Amino acid sequence: MLLFSVLTAAVAPGVALLTYLYLRDRYEAEPIHMVARMFVLGILVVVPIMVIQRGLQLWLGDHSIVFAFGESAGVEEFVKWFVLYHVIYSHTEFDEPYDGILYAASISLGFATLENVLYAIYSPATFGTLLVRALLPVSGHALFGIMMGYYLGKAKFAPKNKSVYFLGISLLLPILLHGTYDWIMITVKTNWMWFIVPFMIALWVWGLRKMNHANSRSPFRFLVREDEIKL
């Protein structure tokens, strides 16, 4: 019973954030099975990412900058970006800018949810530690996904001469933000909350603005349609 409660607490933040992001899609709700598919893909890439990270750590060592921006953020964000680009970027359901945010956040939250479950199983997990993880790493992955998806959406609907530029930003910006987060957590041993909390607040403000901007560019915004959830 205790294990069930811990696992529920570990899964809940990712599901809650994904539900919130799904409901923020104002004009053309995505099929739930597509969102769930990307969430599951996020879960499935955890093991290959861990294998790659371990190999790089043995090869490059664990210097804080190399680990934060290369072995951790670089590997995780590249693999998520690679899957998104090859699975969803050219899909017919990717038909408005906000869809990039939703699908990128889905794969990011799938990854973060399994990571949170593994932490809950293999580390001493209390309500307090799981709450901190919900507010920091889980929401952090969601925000990195929002940034990735926003610029994937820009690339998808931009003229061809600009799409490569936005695709590059969609990969590099999440790596930079994720690496900065990891670097703070690694190097600031005491009073780290004074650094990470303002960083996360700024990310949330920025992410919400990106979500609003993506919605405002939807080609469906001028259509009168009833609220729907597509199954």
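Guide: Contact here means heavy atoms within 4.5 Å. Helices (H or I, at least four residues) are DSSP runs, numbered from the N terminus. The model is predicted: local features need pLDDT of at least 70, side-chain atom pairs count only at pLDDT 80 or more, and totals for chains, interfaces and linings use all residues. Residues are numbered from 1 along each chain as its sequence is written, and side-chain values use heavy atoms, with hydrogens and water left out.

Visitor: Which element of the chain has the highest mean pLDDT?

Guide: The pLDDT is the predictor's confidence in each residue, from 0 to 100. The chain averages 88, and 91% of the residues score at least 70. Among the elements, helix H1 (residues 2-23) has the lowest mean, 82, whereas the highest, 95, belongs to H4.

Visitor: Are H3 and H4 roughly parallel or roughly antiparallel to each other?

Guide: Axes are lines fitted to C-alpha atoms, for helices over the stretch in contact, and angles run from 0 to 180 degrees between N-to-C directions. The axes of H3 (residues 46-60) and H4 (residues 64-87) come within 10 Å and cross at roughly 155 degrees. Angles under 35 degrees count as roughly parallel, over 145 as roughly antiparallel, 65 to 115 as roughly perpendicular and the rest as oblique. H3 and H4 are therefore roughly antiparallel.

Visitor: How many charged residues does the contact of H3 with H4 have?

Guide: From H3, the residues Ile49, Ile52, Gln53, Leu56, Gln57 and Leu60 meet Val66, Phe67, Glu71, Ser72, Val75, Glu76 and Val79 of H4. By class (Ala, Val, Leu, Ile, Met, Phe, Trp, Tyr, Cys and Pro count as nonpolar; Asp, Glu, Lys and Arg as charged; the others, Gly among them, as polar), this contact has eight nonpolar and three polar residues, and the charged ones number two.

Visitor: How are H2 and H5 oriented to each other?

Guide: The axes of H2 (residues 32-44) and H5 (residues 97-122) come within 6 Å and cross at roughly 40 degrees. The pair is therefore described as oblique.

Visitor: With which residue does glutamate 77 form a salt bridge?

Guide: A salt bridge is a side-chain nitrogen of Lys or Arg within 4 Å of a carboxyl oxygen of Asp or Glu, and a search of the whole structure finds one. Both partners lie in helix H4, three residues apart, about one turn of the helix. With its closest N and O atoms 3.2 Å apart, the partner of glutamate 77 is lysine 80.

Definitions and conventions: Helix = DSSP H or I, 4+ residues; strand = E, 2+ residues; numbered from the N terminus.
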